[in-house]
Amino acid sequence: MRFSGFKVVKEALTGHRGWKPLWRDPEPQGHYDIVIVGGGGHGLATAYHLAATFGQARIAVLEKGWLGGGNIGRNTTIIRSNYMLPDNEPFYEFSMKLWESMEQDLNFNAMVSQRGILNLCHTDAQRDAFRRRGNAMLLAGADAELLDQDGVRAMAPFLNFDNARFPIKGGLLQRRAGTARHDGVAWGYARAADQRGVDIIQNCEVTGFRIENGAVKGVETSRGFIGAGKVGVAVAGSSGRVMQMAGMRLPIESHVLQAFVSEGLKPVIPGVITFGAGHFYVSQSDKGGLVFGGDIDGYNSYAQRGNLPVVEDVAEGGMALMPMLGRARLLRMWGGVMDMSMDGSPIIDRTDIDGLFFNGGWCYGGFKATPASGYCFAHLLATGRPHETAAAYRLDRFARGHVIDEKGVGAQPNLH
Ligand SMILES: Cc1cc2nc3c(=O)[nH]c(=O)nc-3n(C[C@H](O)[C@H](O)[C@H](O)COP(=O)(O)OP(=O)(O)OC[C@H]3O[C@@H](n4cnc5c(N)ncnc54)[C@H](O)[C@@H]3O)c2cc1C
């Protein structure tokens, strides 16, 4: 079934009886060439690229819950490629380019909206740092513009420019950045992977790995043993727990990140805006809700709910930036479990166990990475070699001291 304007009109005229489920609900087979653990954005994108880009067959995605129930359906939907370090920026720009063609590739409306992201600066030193980051982005083929205060005022006149502590001096703008409908991305990849023969198996929890003579032979699941030639793990916030079952201890901590949405308002925020003097970011959804968030809860947790100190901290950040926010009513809030790596950058690598591969450590920036993460993980699984834009995302970089610390804050996950 292909989606098109013609199809919508035809269904409207014939009682909407021709729509079909987006993917099948297959029983697990005894053996697959490649098993992907985790049906979030990264697992589904990997399965899609394995089948569509790298010509692999006999692939299954095993998901313990339902598609979209993890972080792919809990994030604040921001996509961007405004990184600075040479190990990061080409990867995220590759992802941005894949976002730009994704809806056509998948034949699915994921509501990719390039409405721009504006990072505000509040000191001269911060402006210098933004100029440097913008130049690094341009060198990697991304777009970047440095705005002065008047430029920011023209875009977002409602901001608190003259706050005594945090005056707004300008901002770094990436116009091609924006938002995408998060669960739609999961559904789009799932549908496109399913059409190419991938078995997507929900309610199937991986409970162990069968490892013989240093090589993975398959996974134990809540629906029985499933054999596999190769296993790729992409379980985000559950990374530590799942890889522990293979005897591995990861340089990753799990923390909660909360998000908030207000009642629906008339259009007011032009794109995504981030506060440079604290941790607060905001955008407006297509339904009109202000979607915003801030820091992770500072303690380790696997609970998909957060605590009140962060709510207060986020509200304070929002009020310092946009005092009018205090007039809006909060509609709901939620939390997701983040796989925080020690340097704030991800891992896409093979492990010491033959045939077992790992993708994780996305911290709270993994949604924007979904297309490139899927592509690069599929590249590694299919060819055995890392993709050139993900070559630095090695598991052993912590032992080698070659960390990729985008923020320069050291080995403190709660600060990345
Ligand atoms: C509140 C919040 C806001 C965020 N905002 C942004 C943002 O604006 N921009 C951005 O780029 N990123 C953002 N992120 C981060 C982003 O959502 C994640 O980094 C990314 O979604 C993680 O990858 P995933 O989609 O594959 O994860 P998930 O969707 O969590 O997928 C992992 C899957 O693995 C499954 N799983 C776990 N254990 C097992 C098992 N044993 N067996 C089988 N399956 C298992 C889980 O059920 C889950 O479905 C945000 C996250 C949160 C929580």
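Predicted model: local features only at pLDDT ≥ 70, side-chain atom pairs only at ≥ 80, totals over all residues.

Modeller: Residues are numbered from 1 along each chain as its sequence is written.

Biologist: Why is Asp143 called partly exposed?

Modeller: A residue is buried if 20 or more other C-beta atoms, placed from the backbone, lie within 10 Å of its own, exposed if 12 or fewer do, and partly exposed in between. Asp143 has 17 other C-beta atoms within 10 Å, so it is partly exposed.

Biologist: Where does Asp143 lie, and which residues does it touch?

Modeller: Asp143 is in the loop between α4 (124-139) and β5 (145-148); such helices (H or I, at least four residues) and strands (E, at least two) are DSSP runs, numbered from the N terminus. Leaving aside residues up to four places away in sequence, Asp143 touches Gln174, Arg175 and Arg176, where contact requires C-beta atoms, placed from the backbone, to lie within 7 Å. From Ser81, Asp143 is 62 residues away in sequence and 8.8 Å away in space, C-alpha to C-alpha.

Biologist: What makes the ligand lie between domain 1 and domain 2?

Modeller: The domain assignment, automatic or from a database, gives domain 1 (25-77 + 182-251 + 343-415) and domain 2 (110-177 + 253-341). Both domains give residues to the shell around the ligand, so the ligand lies between them.

Biologist: Which residues come nearest to the ligand, and what is the shell by class?

Modeller: Of the 39 residues around the ligand, Gly38, Gly40, Gly70, Gly336 and Gly366 come nearest. Two or more residues of the shell come from each of α2 (41-52) and β12 (252-264). By class, the shell has 14 nonpolar, 20 polar and 5 charged residues. Ala, Val, Leu, Ile, Met, Phe, Trp, Tyr, Cys and Pro count as nonpolar, Asp, Glu, Lys and Arg as charged, and the others, Gly among them, as polar.

Biologist: How many residues of domain 1 are in contact with domain 2?

Modeller: 25 residues of domain 1 are in contact with 18 residues of domain 2. On the side of domain 1 that touches domain 2, α6 gives the most, with 3 residues. That side has 9 nonpolar, 14 polar and 2 charged residues. The centres of the two domains, taken over C-alpha atoms, are 28 Å apart.

Methods
Near = placed C-beta within 6 Å. Contact = placed C-beta atoms within 7 Å.
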